Amino acid sequence: MDLTIRAVTAHPVTIPVSATLGSVELSARMSCAIVEVTTTEGIVGHGLTAITDTEVAAFIINQLAGPNIIGLDALHREKIAERLYWQLTPRGQTGFASHVVSAIDLALWDILGKATGFPCWKLLGGARPEVPLYVTFGFASLDKQQLRDAALHLKGTGVERFKMVAGHRALQRRDNAADMHAVVCSDLERVQAVREAIGWECELFVDANCSLDAGSAAWLAGGLRELKVSFFEEPVRDNDPGRLADLRRTSGLRLAAGQNEGQLWRFRDLLAANAVDVLQPNAIICGGYTAAMKVAALAQAGNVAIDNGGAYPFHNMHLHGGLAHGGLVEWHLLSVELCKALFGGLPSRDGSKMALPDTSGLGFTLDAAALRDAVASPSPRQRKHN
């Protein structure tokens with residue numbers, strides 16, 4: 001079988017998505033870059049990256065990374081990852097490069113699965129046929145009553161693990177004279193509203209998206225501990241290992257981080273500093289499954305748990321189903337809706353778990369017509385300049 005890479009094409013996509021949680025409506029414009037890698041024999045693998053400027057990521061793939069791997073064997077994932085490292089990050093930089101590599105690597109694993117007839121989770125180790133989920137629903141756009149209503153609705157569908165946002169862009173908002181203390185006080189009230197709605201029997205997770213300074217994170221952590229939060233995710237700017245280690249030691253909270261990291265040494269530093277209880281490699285950001293497996297090995301060697309952070313459960317489920325120490329997968333409601341708009345054959349959530357597919361590769365198919373329609377829509381940059 002000839003699996004020589006013949007073509008690599010990336011498509012930046014931005015589409016409106018929405019989700020209904022009883023009386024509560026969620027809506028947003030979500031972006032991703034879809035990558036298609038085609039082999040000489042016509043097998044097409046699909047990859048995805050997001051949580052970045054996806055137009056830039058797609059441009060890099062189409063103009064730089066894609067041409068650099070034409071003619072290589074799609075099975076030679078380590079060789080391709082190393083070639084892309086020296087092309088895009090020759091001095092260990094972080095940034096767009098890891099997103100680019102992730103999308104390409106996922107497509108290569110999809111090709112491997114389609115060529116062998118196995119789903120990626122089995123190729124990654126086949127540890128379990130289903131994965132546990134937590135549901136991310138508590139976005140900053142919801143007020144306290146909406147948070148309560150949405151949480152109660154989800155609990156009624158069998159959800160046992162809930163995640164919400166705190167400190168939404170707090171440090172960014174200082175430019176507009178945002179009061180950091182007022183921000184965290186309000187956030188604590190929001191978390192308390194959700195805890196009251198779901199009861200003490202359910203797990204609750206809080207994500208600050210690297211948007212707090214160390215002092216504000218510490219103040220908020222004191223309240224979160226009283227509310228039995230299961231982990232406090234990315235509480236401080238830059239995932240600063242030293243500050244995270246200090247907060248972990250003084251707060252008594254479990255800390256999680258890593259969803260947006262794109263170099264192995266960044267994960268290594270988090271572990272070496274004893275900064276986290278949960279490491280969160282995201283396969284669409286950290287370098288695909290090829291890199292995520294290495295991150296997972298580092299975590300296992302340090303007796304640190306791994307979970308999926310940063311959304312996109314249909315790509316991350318394979319990692320956590322494949323590994324014996326795989327953890328929770330994030331059912332991020334809006335990213336799920338984005339994937340539903342672009343792919344067919346996606347697995348469904350069953351309460352707080354999801355069965356993994358037995359179909360080959362990633363286990364779902366790109367809707368070519370939906371992709372064409374999405375690509376034809378104006379991008380955020382085009383709308384801005386019109």
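The buried residues of helix H7 pack against helix H6 (180-198), strand S6 (203-207), strand S7 (231-233) and helix H8 (241-251). Helices (H or I, at least four residues) and strands (E, at least two) are DSSP runs, numbered from the N terminus. Buried means under 20% relative accessible area, exposed means over 50%, and partly exposed is in between, with a 1.4 Å probe and protein chains only. Contact means heavy atoms within 4.5 Å.

Before going on, what we have here is a predicted model, in which local features need pLDDT of at least 70 and side-chain atom pairs count only at pLDDT 80 or more, while totals for chains, interfaces and linings use all residues. Residues are numbered from 1 along each chain as its sequence is written, and side-chain values use heavy atoms, with hydrogens and water left out.

Back to H7. This helix covers residues 214-226, so 13 residues, and spans 19 Å from its first C-alpha to its last, close to the 18 Å expected at 1.5 Å a residue. The expected span is 1.5 Å times one less than the number of residues. Which residues of H7 are buried? They are Ser216, Ala217, Leu220, Ala221, Gly223 and Leu224. At the start of H7, a side-chain oxygen of Asp213 comes to within 3.1 Å of the backbone nitrogen of Gly215. That falls under polar contacts: a pair of N or O atoms within 3.5 Å, where, within protein, one must be able to donate a hydrogen and the other to accept it, and residues adjacent in sequence count only if both atoms are side-chain atoms. After H7 comes Lys228, with a positive phi near 55 degrees.

Lys228 is also one of the residues touched by Arg195, along with Trp200, Cys202, Leu204 and Leu227, not counting residues up to four places away in sequence. Arg195 lies in helix H6. A salt bridge is a side-chain nitrogen of Lys or Arg within 4 Å of a carboxyl oxygen of Asp or Glu. The side chain of Arg195 does reach the backbone oxygen of Gly199, at 2.7 Å.

Now salt bridges. The structure holds 16 of them. In one, the side chains of Lys163 and Glu233 meet at 2.6 Å, N to O. Lys163 lies in strand S5 (residues 161-165) and Glu233 in strand S7, so the pair ties together parts that are 70 residues apart in sequence. Both Lys163 and Glu233 are buried. Another salt bridge joins Arg268 and Asp269, at 2.8 Å, N to O. Salt bridges that share partners join Lys163, Asp207, Glu233 and Glu330 into one network.

Last, helix H13, residues 368-376, where the buried residues are Ala370, Leu371 and Ala374. Seen down the axis of H13, they fall within an arc of 100 degrees, so they line one face of the helix. The arc is that of the directions from the helix axis to the C-beta atoms. On the other side of H13, Arg372, Asp373 and Ala376 are exposed. The buried residues of H13 pack against strand S1 (5-21), strand S2 (24-39), helix H12 (333-342) and strand S14 (365-366).
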